[in-house]
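Hi there,

Here is the structure I promised to send over. Have a look at it first, and then read on for what turned up.

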Amino acid sequence: MTAELDPSTVVVHAGRPERVPNAPVGPSPVFSSTYVAGGDRGYGRFGNEAWSALEDTLGQLEGGRAVSFASGMAAAAAVIDLVPIGGRVVAPQHAYSGVLALLDQQAATGRLSVVRADIADTESVDLTDANMLWIESPTNPAMEVADIPVLAAAAHDAGATVVVDNTFATPLLQQPLRLGADVVMHSATKFIAGHSDVILGAVVTADDDLWSAIELRRRSLGAIPGSMDAWLALRGLRTLALRLDRAQSNAAYLADRLREHPRVSRVRYPGLPDDPGHARAEAQMSGFGAILAIELGGDAAAAQKVCESTNLWVHATSLGGVESLLERRRRWPMEVPTIPEDLIRLSVGIEHPEDLWNDLEQALNAS
Ligand SMILES: *Cc1c(COP(=O)(O)O)cnc(C)c1O
């Protein structure tokens, strides 16, 4: 596949078998725990054709080589395992709560230390003695945007490895390796797979030593994807460009309408011209994505009621599927306490925008 192809073409064509007579047009899941000796695969924990097809595609999109994992958390854990014993990780104050909890667990055992930073306030990020800078942008669920090129350069000056959790943006809207990051991490469960039917993760890097260290951790820690799951994720990825176009235009439409609604005190969406992350997102992303968050002026009970009053929107955690989901993030005890109690995260799907708006409006009016 040549490098000049548009990413919307790459998602369709990458990771396919060689075009020889009788070859299938797409890869298949391979259900085998072991392989006949003499080749380079060896054992089912070391490789699978369906992983390779997904990894080839993600690697081309991000500009590196990918390693797929059993979940986004398994991918994150393998990357965090690269930090030397007693090393320091600088991590966002607001980010995916599972990753922050994992870092806290590791800090509690003395494995590493964690410094939390306001990732949107570039000047305030203290990288002294950092071994790893963990960036998420836009952040889950606060929708803050980090200045990836500037932070990556500063982290490299400090000798730190730069990781970006690119789950919200997807490789179609942001390519962190091209912005200076060393490692990209994905929860492929979300937009990449795109149909809320699989849990999967991936790491991508253009550095061969980092790739080998991460692949070694998949072998030794054993958090391997199922072949069927990797196949489902690749099948989902084939339509990412189309899904994202529709979901993103729906999100922009809803952000505009929500900010006019009297029950809504704040809309967080980098696509809004007055959003604090707008200029940065415009500079480093090719679109603003399909996630937004709203606040209801401090009223947690009303926010909960909105989530429980929709008919079309599904009240559920997770994001990035074709169906629109919403939830009040602080219903989870593990969510960071500085996330407002009344913040509702909206994962906008590919339904008709008027249907999405009508259902949200009646739920807001019921609260
Ligand atoms: C969901 C999510 C994760 C965790 O991924 P899983 O596939 O659920 O293990 C990590 N980061 C972000 C930003 C997420 O949204």
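This is a predicted model: local features need pLDDT of at least 70, side-chain atom pairs count only at pLDDT 80 or more; totals for chains, interfaces and linings use all residues.

Ser196 sits in the loop between β6 and β7 (201-205). Its backbone deserves a glance, as phi of Ser196 is near 50 degrees, a positive value in a residue other than glycine. Most residues other than glycine have a negative phi, and most peptide bonds are trans.

The peptide bond from Ser137 to Pro138 is cis, with omega near -10 degrees, and Pro138 belongs to the loop between β4 (132-136) and α5 (148-157).

For Ser187, an N or O atom of the side chain is 2.8 Å from an oxygen atom of the ligand. For Met73 the backbone is involved: one of its polar backbone atoms is 2.9 Å from a ligand oxygen. On its own the ligand exposes 380 Å², and the protein buries 93% of that.

The shell around the ligand holds 14 residues, of which Met73, Asp165, Ser187, Thr189 and Lys190 come nearest. By class, five of the shell residues are nonpolar, six are polar and three are charged. Helix α3 (72-80) and strand β6 (183-187) each supply at least two residues of this shell.

Pair one: α2 (residues 49-62) packs on α8 (residues 227-237) at an angle of about 35 degrees, and the axes are 8 Å apart. The crossing here is left-handed. From α2, the contact draws on Ala50, Trp51, Ala53, Leu54, Thr57, Leu58 and Leu61, and from α8 on Ser227, Ala230, Trp231, Ala233, Leu234 and Leu237. Its residues divide into 11 nonpolar, two polar and no charged.

Pair two: α9 (residues 240-260) and α12 (residues 353-365) also meet at about 35 degrees, with axes 10 Å apart. Here α9 passes α12 in a right-handed crossing. On the α9 side the contact is made by Arg246, Asn250, Tyr253, Leu254, Arg257 and Leu258, and on the α12 side by Pro353, Glu354, Leu356, Trp357, Leu360 and Leu364. This contact has eight nonpolar, one polar and three charged residues.

Best wishes

Note on methods:
Residues are numbered from 1 along each chain as its sequence is written. Side-chain values use heavy atoms; hydrogens and water are left out. A residue is near a molecule or strand if one of its heavy atoms lies within 4 Å of it. A polar contact is a pair of N or O atoms within 3.5 Å; within protein, one must be able to donate a hydrogen and the other to accept it, and residues adjacent in sequence count only if both atoms are side-chain atoms. Accessible areas come from the Shrake-Rupley method with a 1.4 Å probe; for residues, only the protein chains shown count as cover. Helices (H or I, at least four residues) and strands (E, at least two) are DSSP runs, numbered from the N terminus. Ala, Val, Leu, Ile, Met, Phe, Trp, Tyr, Cys and Pro count as nonpolar, Asp, Glu, Lys and Arg as charged, and the others, Gly among them, as polar. Axes are lines fitted to C-alpha atoms, for helices over the stretch in contact, and angles run from 0 to 180 degrees between N-to-C directions. A crossing is left-handed if the near helix is turned anticlockwise from the far one by less than a right angle, and right-handed if clockwise. Contact means heavy atoms within 4.5 Å.
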